[in-house]
Amino acid sequence: VLQAFLELCGIRQWGVSLVGPMPETLKQVAKKYKDRYPGLSITAVVWQDGRDFARELGRAIRQRGDRALFAALPRPLQEVWLYQNKELLGAPLMMGVGGSFEVLAGHARRAPLAIRNLGCEWAYRFIQEPRRRLLPTLRSTLWFACYLARCYFFPQRRVSSRTSL
C-alpha cells in the first residue's frame with residue numbers, strides 16, 4: 001500500500017514526509033523514490049518524542065505543502081502519536097507504516113505471499129528478529145488486552161483513545 005501511495009504522490013508531484021527512528025533507512029527510502037519519481041518532493045525526518053517536535057514538523061509540512069505523512073514507529077506508538085498530534089501535524093493523509101521503510105530500503109524481506117495472505121507477516125518478521133521484536137510485541141499485546149478488559153468490565157465508561165502506553 002505504501003508503494004502505491006508513493007507512486008501516486010510521485011505522479012501527482014505531491015510532497016511527502018517520512019518520519020522514523022532510523023536515519024540511514026529514511027535516507028535510502030527517500031533517495032530511492034526521488035530517483036524513481038523526479039518530481040516527487042520527499043523529506044525524511046528522524047522522529048523525536050514530544051509536542052515541540054510535532055509542532056515543528058507540522059509547520060514544515062504546511063510550509064512545503066506536503067500532502068502525505070508516513071510514520072514508521074513501533075506499534076502502537078505510531079497510531080497513538082499520529083492521532084494525538086493530528087492537528088499539529090496537519091497533513092491531509094497520515095499513515096502509520098510500521099516496518100515498511102525497512103522493507104523498501106532492502107534491510108528486511110517480505111514474507112512469502114502465502115503468509116501475507118494469511119495476515120501473518122508480523123509472525124514472519126518476529127521469527128526473523130525475535131530479540132528486537134519481543135518487547136514491542138509484548139507491550140502492544142498487553143496494552144490491547146488491558147483496553148479490551150476495560151471495555152468489557154466497564155462498558156458504561158467511555159474508554160479514551162488517548163490511553164497512555
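In these legends, Ala, Val, Leu, Ile, Met, Phe, Trp, Tyr, Cys and Pro count as nonpolar, Asp, Glu, Lys and Arg as charged, and the others, Gly among them, as polar. The structure shown is a predicted model.

**View 1. The lining of the largest pocket in the predicted model.** Of the 34 residues that line this pocket, Val97, Gly98, Gly99, Ser100 and Arg125 lie nearest its centre, and the space inside amounts to about 980 Å³. Sorted by residue class, the lining holds 17 nonpolar, nine polar and eight charged residues.

**View 2. The elements around the largest pocket.** Two or more lining residues come from each of α1, α2, α4 (77-84), β4 (93-96), α6, α8 (121-128) and α9 (130-153), and α6 gives the largest share, with five residues.

**View 3. The largest nonpolar core.** This core has 19 residues, and those with the most contacts inside it are Leu6, Val16, Leu18, Tyr33, Ile42, Phe70 and Phe101. Two or more of the core residues are given by each of α1 (2-12), β1 (15-20), α2 (23-36), β3 (66-71) and α6 (100-105), with the largest share, four residues, coming from α2. In soluble globular proteins, nonpolar side chains tend to be buried together.

**View 4. The surroundings of Phe101.** When residues up to four places away in sequence are not counted, Phe101 touches Leu2, Leu18, Val19, Thr25, Leu26, Val29, Phe70 and Ala72. A second, separate core has 15 residues, including Ile61, Leu69, Leu88 and Ala91.

Conventions:
Residues are numbered from 1 along each chain as its sequence is written. This is a predicted model: local features need pLDDT of at least 70, side-chain atom pairs count only at pLDDT 80 or more; totals for chains, interfaces and linings use all residues. Side-chain values use heavy atoms; hydrogens and water are left out. A nonpolar core is a set of buried Ala, Val, Leu, Ile, Met, Phe, Trp, Tyr and Cys residues joined through side-chain atoms within 4.5 Å. Buried means under 20% relative accessible area, exposed over 50%, partly exposed in between (1.4 Å probe, protein chains only). Contact means heavy atoms within 4.5 Å. On a 1 Å grid over the protein atoms alone, a cavity is a set of points where a 1.4 Å probe fits but cannot get out, and a pocket is an open set with protein on both sides within 12 Å along at least five of seven lines; lining residues have an atom within 4 Å of a point. Grid points are joined across faces, edges and corners, and a volume is the space filled by probe spheres set on the points.
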